Amino acid sequence: MASAAGGGAAGEGEWLMVAQLRATVQAQDPRAKEVDNLTLRRFLRARDHNVDKAAAMFLKFLQWRREAVPDGFVPEEQVRRELPQDKVCMGGVDRTGRPILVAFPARHYSADRDLPEFKRFVVYFFDTICARIPRGQEKFLLLVDFKGWGYSNCDIRAYMAAIEIMQNYYPERLGKALMINVPYLFMKAWKMIYPFIDNNTRTKFVFVNNKSLHETLRREIDETQLPEFLGGKTPLISLRDCAQQPESG
């Protein structure tokens with residue numbers, strides 16, 4: 001499964017570092033042989049090409065994956081409360097070919113959520129969107145619509161759990177996060193979350209002003225791929241209608 005093809009430009013020096021990273025992690029965990037070079041490169045880039053830090057991050061990921069997703073995927077019965085709420089759906093693709101993940105925070109209620117199940121749900125939808133990433137692409141676009149969001153939806157622990165899972169176990173998968181219809185109240189919550197987001201991830205969050213919403217969306221997404229609820233032509237796909245496939249990172 002080790003491959004150096006696709007997934008964006010990389011110089012010879014970077015692939016040499018990937019080889020060094022592979023030798024380091026395989027010496028400590030033989031199961032690292034099952035992971036391809038593109039995955040290792042994402043961990044390397046997430047740690048600014050520091051091989052030792054990338055190795056520590058990757059080995060932690062392998063251990064987490066074995067414990068959190070022992071079957072290679074999260075079964076639907078383990079997210080039976082979260083899945084029907086359609087708080088996360090699949091969209092089309094952006095102009096660069098990245099699949100679009102659409103989230104609706106106003107459909108999430110902190111009083112009703114079970115944190116362990118929510119964490120499994122986060123893994124479920126990240127695995128689902130990553131399985132839709134085409135060859136030659138490594139990232140997805142996240143579109144977060146806060147319309148209708150209020151106090152009852154605010155859930156700092158859940159937000160931090162989702163970000164922690166994404167940045168620690170799905171590094172360099174998020175291409176950009178477009179935050180739209182964001183109420184002023186959420187910015188207070190964001191100030192609490194922001195310090196816990198690493199620098200590589202912080203730069204990917206874009207808060208879109210309502211006045212420039214139409215222009216920003218059309219710049220990132222063609223009208224044929226834009227979700228219908230935003231004036232485009234692509235219907236959203238419920239996670240319940242997406243086949244689960246194992247994701248290695």
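I took helices (H or I, at least four residues) and strands (E, at least two) as DSSP runs, numbered from the N terminus. The model is predicted, so I kept local features at pLDDT of at least 70 and side-chain atom pairs only at pLDDT 80 or more, while totals for chains, interfaces and linings use all residues. Residues are numbered from 1 along each chain as its sequence is written, and side-chain values use heavy atoms, with hydrogens and water left out.

I looked for cavities, each a set of points on a 1 Å grid over the protein atoms alone where a 1.4 Å probe fits but cannot get out; lining residues have an atom within 4 Å of a point. I joined grid points across faces, edges and corners, and took a volume as the space filled by probe spheres set on the points. I found 2 cavities of 30 Å³ or more.

Largest cavity. I read a volume of about 480 Å³. I listed 24 lining residues, with Ala103, Pro105, Val144, Tyr159 and Ala162 nearest the centre. Two or more lining residues come from each of β2 (99–103), α4 (115–131), β3 (140–145), α5 (156–169) and α6 (184–193). I noted that α5 gives the most, 5 residues. I sorted the lining into 22 nonpolar, 1 polar and 1 charged residues, counting Ala, Val, Leu, Ile, Met, Phe, Trp, Tyr, Cys and Pro as nonpolar, Asp, Glu, Lys and Arg as charged, and the others, Gly among them, as polar.

Second largest cavity. I read about 100 Å³ here. The lining has 14 residues, and Gln167, Pro171, Glu172, Thr201 and Lys204 lie nearest the centre. I found α5 and α7 (199–202) to be the elements giving two or more residues to this lining. Its classes are 6 nonpolar, 3 polar and 5 charged.

Key: On a 1 Å grid over the protein atoms alone, a cavity is a set of points where a 1.4 Å probe fits but cannot get out, and a pocket is an open set with protein on both sides within 12 Å along at least five of seven lines; lining residues have an atom within 4 Å of a point.
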